[in-house]
Amino acid sequence: MSNVIFRYTRRMALAEGVLVDATQGDFAGVSREHVPNHHLAMTTAVFALVERSVESDDSSEFAGVWHDILWMSRVCPVRSLPGGYTFKVGIRVGAQLRWHELKILFHGGDYGEPCATVMLSDDD
């Protein structure tokens, strides 16, 4: 057995901005609706997709784009993964709709609490 020298926790990732807490602010209600009883976060790469969409279209809002992502995560799974699955979602930037393959992973948090993280399909 080896000794753990350093452990990078979910709490640290949220504090440092590597993960965006989707249980707060504009995302909170949508997250509770789609993934109840889990602490939900997204990577900064996914947040950047949401932000680009909102900034490019006056009629888009953070909660609406996040709803679309979580809805598609439920209705359009593509491939099973250990602890989750990939899914495809179309995100509009201006007049252009771009398709992205994302993944959602369900796991225990720093203390074993139920958590989920939405990320790009090639993120770890």
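From the N terminus on, the elements of this chain run α-β-α-β-α-α-β-β-β-β, in a model that is predicted. The secondary structure comes to 4 helices and 6 strands, and the radius of gyration of the chain is 15 Å, close to the 14 Å that the globule rule gives for 124 residues, so the chain is as compact as a globular protein of that length. Two antiparallel pairings, which link strand 3 to strand 4 and strand 4 to strand 5, are described below, together with a non-glycine residue of positive phi, asparagine 37.

**Overall dimensions and surface**

- The C-alpha trace of the chain spans about 55 × 30 × 25 Å along its principal axes, and buried residues make up 35% of the 124 residues.
- The chain exposes about 7,400 Å², of which carbon and sulfur atoms supply 53%.

**Strand 3 and strand 4**

- Strand 3, covering residues 77-81, pairs in the antiparallel sense with strand 4, covering residues 84-93, and the pairing extends over 4 bridges.
- Within this pairing, leucine 81 stands opposite glycine 84, which belongs to strand 4.
- The hairpin of strand 3 and strand 4 has 2 residues between the strands, and glycine 83 in this hairpin takes a positive phi near 85 degrees.

**Strand 4 and strand 5**

- Strand 4 also pairs in the antiparallel sense with strand 5, which covers residues 96-108, and this pairing extends over 10 bridges.
- Lysine 88 stands opposite glutamate 101, a residue of strand 5.
- A hairpin with 2 residues between the strands is formed by strand 4 and strand 5, and glycine 94 in its turn has a positive phi of about 65 degrees.
- As a general point on such elements, the side chains in a regular strand alternate between the two faces of the sheet.

**Asparagine 37**

- Asparagine 37 has a positive phi of about 65 degrees, although this residue is not a glycine.
- The place of asparagine 37 is in the loop between helix 2, residues 28-34, and strand 2, residues 39-43.
- With a relative accessible area of 69%, asparagine 37 is exposed, because the cut-off for that class is over 50%.

Key:
Residues are numbered from 1 along each chain as its sequence is written. This is a predicted model: local features need pLDDT of at least 70, side-chain atom pairs count only at pLDDT 80 or more; totals for chains, interfaces and linings use all residues. Side-chain values use heavy atoms; hydrogens and water are left out. Two strands pair if DSSP finds at least two bridges between them. The radius of gyration is taken over C-alpha atoms; the globule rule is 2.2 Å times the number of residues to the power 0.38. Buried means under 20% relative accessible area, exposed over 50%, partly exposed in between (1.4 Å probe, protein chains only). Accessible areas come from the Shrake-Rupley method with a 1.4 Å probe; for residues, only the protein chains shown count as cover.
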